[in-house]
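Student: Please show me the model. I would like to go through it by question and answer.

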Amino acid sequence: MLAGMSERAIEVTGLRKSYGSFEAVHGIDLRVDRGQVFALLGPNGAGKTTTVEILEGHRSRTAGEVSVLGHDPGKGERSFKERVGIVLQETGVEQYLTVREVIDLYRSYYPSPRPTGEVISVVGLDEKAEAQVRTLSGGQQRRLDVAVGLAGDPELLFLDEPTTGFDPGARRNAWKMVDNLKSLGKTVFLTTHYMDEAQHLADRVAIISDGLIVAEGTPADLGGRSQSKTVISFHLSPDAPRPPNSLRGRASNDEFAIETDEPIRILHDLTGWALDSGADLEGLTVSRPSLEDVYLELAGGDATTEETG
Ligand code: ATP
């Protein structure tokens with residue numbers, strides 16, 4: 001098979017990075033398939049930026065094998081740089097150019113760039129195409145940064161914390177943009193410390209904590225690996241019959257919560273009892289362990305959640 005033509009976009013084995021005597025990344029393995037959105041999720045200081053910058057070819061590694069689109073990013077080959085798009089945490093584009101002029105400028109650096117109008121549309125800046133960069137909001141500037149990363153029509157796009165500091169509306173727009181990238185068939189490697197972002201966007205998630213990958217899988221797989229149990233909760237009016245002890249769980253006044261590893265059997269028994277006894281299970285809910293539970297268990301209480309409205 002030709003170099004760079006495999007199904008794998010990124011393959012990392014035993015990656016280590018030391019800064020002096022401090023080892024920030026302790027030998028991690030990662031695999032990302034083409035066309036996937038992959039999220040590296042972890043708290044501040046876990047090693048996300050170190051890892052992503054090694055994959056981009058912006059930082060050297062101390063040890064390990066790294067293949068990105070069949071290239072070793074450490075070699076700094078021009079043919080590699082033309083195939084990847086990079087959106088750094090902080091970028092600075094020319095403030096007095098218009099959005100369209102910025103994209104045209106960056107397109108001119110690449111052999112087969114994507115059409116300007118398309119790049120602007122993917123990031124949702126059509127209405128701002130003729131506006132000067134200095135007039136854009138923070139979220140719009142960030143989307144322009146992504147557009148710059150897309151100008152060369154890369155196969156793989158790196159997004160380092162694409163929504164940090166965004167308000168909920170701007171985050172929704174950024175998520176839509178990542179969905180658009182996915183529908184163009186791009187591979188996206190993103191870092192984030194927002195669990196809901198990883199859960200919403202990613203096909204696969206790796207959780208990094210203190211320089212080690214502590215869990216990896218689809219968001220659903222990871223939720224299923226939580227030590228937390230499924231919780232079935234409901235409310236009974238004061239005059240309703242009470243369930244048998246096996247179906248009471250934790251009861252407080254008229255609120256009931258059953259923690260279980262066997263939600264299907266419990267639901268079957270519970271709804272059977274309710275039908276037989278004529279009790280109305282008001283507000284019946286079943287909550288499964290989420291990626292957040294796994295993250296809190298593994299990354300140790302330093303997780304960030306955000307209301308997304
Ligand atoms: P954040 O979410 O805050 O951006 P991160 O997961 O991206 O965090 P890194 O920036 O990769 O984390 O940092 C990992 C560890 O390596 C941290 O302890 C950090 O202080 C350290 N580190 C990062 N860059 C350097 C550097 N150039 N020199 C020395 N130590 C560094």
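**Loops, ligand and helix**

Tutor: Asp-210 lies in the loop between strand S8 (204-209) and strand S9 (212-217). Strands (E, at least two residues) and helices (H or I, at least four) are DSSP runs, numbered from the N terminus. This is a predicted model, where local features need pLDDT of at least 70, side-chain atom pairs count only at pLDDT 80 or more, and totals for chains, interfaces and linings use all residues. Residues are numbered from 1 along each chain as its sequence is written, and side-chain values use heavy atoms, with hydrogens and water left out.

Student: Is Asp-210 buried or exposed?

Tutor: Buried means under 20% relative accessible area, exposed over 50%, and partly exposed in between, with a 1.4 Å probe and protein chains only. Asp-210 has a relative accessible area of 61%, so it is exposed.

Student: Which loop holds Asn-253, and what is its phi?

Tutor: Asn-253 sits in the loop between strand S11 (250-252) and strand S12 (255-260). At 72% relative accessibility it counts as exposed. It is not a glycine, yet its phi is positive, at about 50 degrees.

Student: How many residues surround the ligand?

Tutor: A residue is near a molecule if one of its heavy atoms lies within 4 Å of it. The closest are Gly-45, Lys-48, Thr-49, Thr-50 and Glu-161, and the residues around the ligand number 14.

Student: How far is a backbone N or O atom of Lys-48 from an oxygen atom of the ligand?

Tutor: A polar contact here is a pair of N or O atoms within 3.5 Å. A polar side-chain atom of Tyr-19 lies 3.4 Å from a ligand nitrogen atom. For a backbone N or O atom of Gly-47, the distance to a ligand oxygen atom is 2.9 Å. For a backbone N or O atom of Lys-48, the distance to a ligand oxygen atom is 2.8 Å.

Student: Where does the largest share of the shell around the ligand come from?

Tutor: Strand S2 (22-33) and helix H1 (48-56) each supply at least two residues of the shell. The largest share is three residues, and it comes from H1.

Student: How many residues of H1 are buried?

Tutor: Among the buried residues of H1 are Lys-48, Thr-50 and Val-52. H1 is mostly covered, and of its nine residues the buried ones number eight.

Student: Which residue just after H1 takes a positive phi?

Tutor: The phi in question is about 90 degrees. The residue just after H1 that takes it is Gly-57.

Key:
Polar contact = N/O pair within 3.5 Å; in protein donor to acceptor, adjacent residues only side chain to side chain.
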